[in-house]
Amino acid sequence: MRLRLTPRDTTFFDMLATLAQHNVTGASLLAELLGAPRSERDAIVHKLSEAEHVADDATHSIMRRLNQTFVTPFDRNDIYGLASALDDCMDAMEEAGDLIVLYKVDQLPLRVSEQVQVLQRCAELTAEAMPRLRSMDQLADYWVEINRLENQGDKLHRKLIAQMFDDTTDPVLLMKLKEIVDMLEEAADAFERVANMVEAIALKES
C-alpha cells in the first residue's frame, strides 16, 4: 500500500458499508415477496420501496459528504461511481418487485427463485467486502466470486427465457414475465459492476 501523508475523511468507508447493507435488506425482501401469496405482496413491496428510499438517502448523503470533503480516502470520482453503482443494485431489485405486483403475476417460473438467490448472495458478499476497502486487502476473492455468480445468473436467465417461450402460451403474460426476469438479470449485472469498480479501485490504490 502507498504511504499517505495527508489526512483523509474515513467516514466514507462506513457510509459505503451502510449503503451495501441496504442491498442485503432489499434482496431479502425480494426473496420474501416470491414466497408470499398475492394478498400479502403489496405490503412486502411497500417495505421494499421504503428500503429503496432509505438507500437513496444513503447515496445522497455520500454525495453531499463528497462535496464537503477536500481530501477523500481514494479518488472522489471512484467514490461517486461506487455509491451510484450500489444504488443501482437496489433500484433494479425494487423495480423487479414492483413489476411482480403491478402485473398481478399469480405464479412465477421456479427458476426465478434461483435468480433471487444469486442476488441475495451477491448482496451479502458486497456488504462483506465494503469494510475491506479501508485496507484494500483480501478483495480479490470477492470480485472473482461475484463474477462467477453473475455468470451463473446469465445462464439462469437464458434458461428462464427458453422455458417461458416453451411453456407460456399467453403472449401478454410472456411479456410480463420476461420484463421481470430481465430486471432481475439487470440487478445481477449491477452487482457485477460494483465488483468491477472495486477491482479497479484496489488496483489503482495498490
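This is a predicted model: local features need pLDDT of at least 70, side-chain atom pairs count only at pLDDT 80 or more; totals for chains, interfaces and linings use all residues.
Residues are numbered from 1 along each chain as its sequence is written, and side-chain values use heavy atoms, with hydrogens and water left out.

**View 1. The packing of helices α1 and α2.** Helix α1 spans residues 11–34 and packs against α2 at an angle of about 165°, the axes being 9 Å apart (axes are lines fitted to C-alpha atoms over the stretch in contact, and angles run from 0 to 180 degrees between N-to-C directions). The two helices are therefore roughly antiparallel, a term for angles over 145 degrees. The residues of this contact comprise 16 nonpolar, six polar and four charged ones.

View 2. Thr-59 lies in helix α2, residues 38–68 (helices are DSSP runs of H or I with at least four residues). With a relative accessibility of 4%, Thr-59 counts as buried, that is, under 20% relative accessible area with a 1.4 Å probe, protein chains only. Leaving aside residues up to four places away in sequence, Thr-59 touches Leu-19, Ala-83 and Asp-87, where contact means heavy atoms within 4.5 Å.

**View 3. The cysteines Cys-89 and Cys-122.** A search of the whole structure finds zero disulfides, a disulfide being a pair of cysteine sulfur atoms within 2.5 Å. The cysteine sulfur closest to that of Cys-89 belongs to Cys-122 and is 8.3 Å away, too far for a bond. Cys-89 is buried at a relative accessible area of 0%, and Cys-122 is buried at 1%.

Definitions and conventions. Buried means under 20% relative accessible area, exposed over 50%, partly exposed in between (1.4 Å probe, protein chains only). Angles under 35 degrees count as roughly parallel, over 145 as roughly antiparallel, 65 to 115 as roughly perpendicular and the rest as oblique. Ala, Val, Leu, Ile, Met, Phe, Trp, Tyr, Cys and Pro count as nonpolar, Asp, Glu, Lys and Arg as charged, and the others, Gly among them, as polar.
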